[in-house]
Amino acid sequence: MILSAVTALALFTLPARAAEAPLLEVLSRRIIAPASFIPVSSARGGVPLALVVEAGSGWEGPGLLESVLGKASAIFGQCGLALGAVEVATVRWTPEALRRLNVQNPYAGPAQMAVMTEPLLPAGRPAGFLFAKSVPSTASAYNLRSVETLSRAHPAAKRLLNTFWITIDQQTRARPADVAESYSVFAHELTHLFGNLPHTAASPNLMTDASTPGAKSGDLLEEQCVEVRLLHGL
């Protein structure tokens, strides 16, 4: 088929396809320095962290993040690791983003993959995503072990590497019998990333999958700490 000059010109002057609308709006940004952790971290330097907090989720409660970070930092201190400055972005997810995050299809891979191309998300890793119950209840992390497995069937899962996802109910629910006071769901998920660690049968332990009374605690074994230190060049 031969195109006329006018038709050909029209084809080359069609407007470019509009970019996808943002999936979130950044409402505010702040930095939480280790000096603001509760308890205050005595370690210097440390691993930086990015947090994406859903507005209205409850995670923005006065002092809550400082307390969560302080408890996690104290746990990591067992391994000689310190959390550094934490960049917190408070965001409002669009209805389309929340729709994607609520699609639970085991054949399509983790729903979180569907928002990871959003350019407004922090580029730094590790990154934590903290939600209300606007998404299905979760406390999950994607480390090298899990992403390698997932990406065989779902290549886009590579975008999830070194991210963790927690809904507020996992933080605020009444403490079950198998959870000790020293345990932290936040530190548990972050340790999956910090040491590329799986669960363990050992208890009491931060990474245990045991369900006996007090099995889940803030304790880490020396061999777990070795993995953490190796991953961070300590």
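The talk below turns to a cavity and then to a histidine.

Guide: This is a predicted model, in which local features need pLDDT of at least 70 and side-chain atom pairs count only at pLDDT 80 or more, while totals for chains, interfaces and linings use all residues. Residues are numbered from 1 along each chain as its sequence is written, and side-chain values use heavy atoms, with hydrogens and water left out.

Visitor: What makes a space in this model a cavity?

Guide: On a 1 Å grid over the protein atoms alone, a cavity is a set of points where a 1.4 Å probe fits but cannot get out, and lining residues have an atom within 4 Å of a point. The search of the whole structure finds one cavity of 30 Å³ or more, and L24, V26, R29, V52, A89, V91, L120, L121 and P122 line the largest cavity.

Visitor: How do you know which lining residues are nonpolar and which are charged?

Guide: Ala, Val, Leu, Ile, Met, Phe, Trp, Tyr, Cys and Pro count as nonpolar, Asp, Glu, Lys and Arg as charged, and the others, Gly among them, as polar. By that rule the lining of the largest cavity divides into eight nonpolar residues, no polar ones and one charged.

Visitor: What does H192 touch?

Guide: Where contact means heavy atoms within 4.5 Å, and residues up to four places away in sequence are not counted, H192 touches A141, N143, L197, P198, H199 and M207.

Notes. 1 Å grid on protein atoms, 1.4 Å probe; cavity = no way out; pocket = protein on both sides within 12 Å on 5 of 7 lines; lining within 4 Å. Points joined across faces, edges and corners; volume = space filled by probe spheres on them.
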